[in-house]
Amino acid sequence: MNTDVVVVGGGPVGLMLAAELRLGGARVVLLERLTEPSGHSRAFRMQARMLDVLDQRGLLGHFMEGNRTWPKAHFAGLEPLLDFGYLRNEHPYALLIPQARTEELLEKHALSCGVEIRRGHTVTGIEATPATVVCDVSTREGTYRIGSSYLVGCDGGRSTVRKLAGIGFSGSQPTVRALLADVELADPGQLPNGVPGTMRTPRGLLMAISLQPGVTRVLTTEFAAPEPGAERTPVTLDELSATVRRITGIDVGMDRPRWLSRFTDTTRLADTYRQGRVLLAGDAAHVHFPIGAQGLNLGLQDAVNLGWKLAGTLVGWAPPGLLDSYGTERRPVAERVLRETRVQLMIMAPDPKVDPLREMFSELLELPEVNSRLAHEMTGLDVRYALPPGRYEHDLLGRPCPPLEQAVGDEVRRGLRTGRGVLLLPDGLVEEAAALAADWSHRLCTVRTGDGPGLLLRPDGHVAWADPGDGVPRKDVLLELEDTLRQWFGASGHKIARRALDVTSG
Ligand SMILES: Cc1cc2nc3c(=O)[nH]c(=O)nc-3n(C[C@H](O)[C@H](O)[C@H](O)COP(=O)(O)OP(=O)(O)OC[C@H]3O[C@@H](n4cnc5c(N)ncnc54)[C@H](O)[C@@H]3O)c2cc1C
């Protein structure tokens, strides 16, 4: 065996996953087809839930540096906008950051955690046995084989790994054709709705966003299925100009393209996220129309859910079923995003029949409950994993950790940064619960919260146990905590040498 895990694909999801695996103590080799990063950015927005996660890993400062935030988002291009003032989290805004910068920062992080990144290495074949996965790799210098205990395909929507593993990708065919162009506009004033601005006409949609001084991103969407094979045809400036003219009726002067690309609303979900020793994450597991800035965020959270579980499986402490909970938890989250992006695209269709629906939806968006609910959904903050039933219900179970008082929050972040879980103990529980948790101390940090909440956070920051407070006998509370510790952190006293680097601890 050459390594514990081979991660295929060095996009944002592969890089994040590789770093998470290292935090958990697994050895990782990441194989990326491109010799150099493309430098192009599809995504430009990091959502609130992911900002919390980056903060929990001590990375947020680097991501914020030099980039703007925006406390709003649109839903299906409607007014009023979604108001992130409703968000129940510590970063109630979106961070506007180009995907190329996100990848640069994640690559740096992965390298600092000790990930071995091999660029210019394309995976062409995989052979999985009950005990190992061997993959064929092609490079400019020749081919070689690498063996690992597990392999994760983070190789994008057209995933070679998914196809080689024979995992189905069920969903719908494209119904729209869309172009992305980073260009110089001769006169931004030619666009009636300006830059930034959106136009919905009977023939399609046009969106224009300023990328940097002098460079505008123009996005067009026409509601007709693409010609067969169109995905392999390069976009030209002439095609872009003709499309903009068809949609808007205007000849918009555009020149010096930095990047021209096409995409569709193909919406698909992997039939399973795990087949034996092969797993999928990110676009390899789910694709949808890029509305609402969600694909990258969804994929990064796959990585944060999977990393500690797979590392725990490899290091040896993982309880039965931990690795399978990755797919059980993350697949339904993707299902919801796929549904919501389909809804948004339907509402944006140019067909006048949709207009009454738009009017009604706009009225609904005025209602704080609706606005808040959609804001939580689009930012990933509404995610609630269905945890195995315990002795009592609690509204926080399965949800991301709620905002905490500053000093406690700092302690919690210090704990999560090491890739371990965190047990928050209020005064009333400190002695007994801390003694109980001591057996898991190598996988868990303990933080005193005074009169704050009692919570057990998994390494991905989700709540696994919550103190129900008065009304439940103390004995039951402690029994429930002990069961939960076993469920997510393995057998007590099972001290396994921590192979992880301690680069991130402290
Ligand atoms: C126009 C547009 C705008 C978007 N805006 C947003 C946004 O604002 N916010 C958001 O969250 N999402 C957005 N998205 C979606 C986002 O870009 C993707 O979800 C994200 O890139 C997925 O990351 P990934 O790492 O899973 O896959 P990718 O970014 O596709 O990376 C896959 C990597 O695998 C490599 N690879 C492929 N095959 C092999 C192989 N056989 N061997 C080795 N390496 C291989 C590729 O070279 C690539 O580097 C947008 C998408 C589009 C099209």
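User: What should I know about the model before I start?

Analyst: It's a predicted model, where local features need pLDDT of at least 70, side-chain atom pairs count only at pLDDT 80 or more, and totals for chains, interfaces and linings use all residues. Residues are numbered from 1 along each chain as its sequence is written, and side-chain values use heavy atoms, with hydrogens and water left out.

User: How do I read helix packing, and at what angle do helix 1 and helix 7 pack?

Analyst: Helices (H or I, at least four residues) and strands (E, at least two) are DSSP runs, numbered from the N terminus. Axes are lines fitted to C-alpha atoms, for helices over the stretch in contact, and angles run from 0 to 180 degrees between N-to-C directions. Here, helix 1 (residues 12-23) packs on helix 7 at an angle of about 25 degrees, with the axes 8 Å apart. Helix 1 and helix 7 are therefore roughly parallel to each other; angles under 35 degrees count as roughly parallel, over 145 as roughly antiparallel, 65 to 115 as roughly perpendicular and the rest as oblique.

User: Is the crossing of helix 1 and helix 7 left-handed or right-handed?

Analyst: Right-handed. A crossing gets that label if the near helix is turned clockwise from the far one by less than a right angle, and left-handed if anticlockwise.

User: Which residues of helix 1 and helix 7 meet?

Analyst: Contact means heavy atoms within 4.5 Å. From helix 1 you'll find Pro 12, Val 13, Met 16, Leu 17, Glu 20 and Leu 21, and their partners in helix 7 include Leu 296, Leu 300 and Val 304. By class, this contact of helix 1 with helix 7 has 12 nonpolar, two polar and one charged residues. Ala, Val, Leu, Ile, Met, Phe, Trp, Tyr, Cys and Pro count as nonpolar, Asp, Glu, Lys and Arg as charged, and the others, Gly among them, as polar.

User: How do helix 2 and helix 7 cross?

Analyst: The axes of helix 2 (residues 48-56) and helix 7 (residues 295-315) come within 10 Å and cross at roughly 40 degrees, in a left-handed crossing. Arg 49, Met 50 and Val 53 of helix 2 meet Asn 297, Leu 300, Gln 301 and Val 304 of helix 7.

User: Now the ligand: how many residues surround it?

Analyst: There are 31, and the closest are Glu 32, Gln 99, Asp 283, Leu 296 and Asn 297. A residue is near a molecule or strand if one of its heavy atoms lies within 4 Å of it.

User: What about the backbone: which peptide bonds are cis?

Analyst: Most residues other than glycine have a negative phi, and most peptide bonds are trans. In this model, the bond from Glu 79 to Pro 80 is cis, with omega near -5 degrees, and so is the one from Val 195 to Pro 196, with omega near 0 degrees.

User: Where does Ala 76 lie?

Analyst: Ala 76 sits in the loop between strand 5 and strand 6, and Pro 80 lies in the loop between strand 5 (72-73) and strand 6 (82-83). Ala 76 has a positive phi of about 55 degrees although it is not a glycine.
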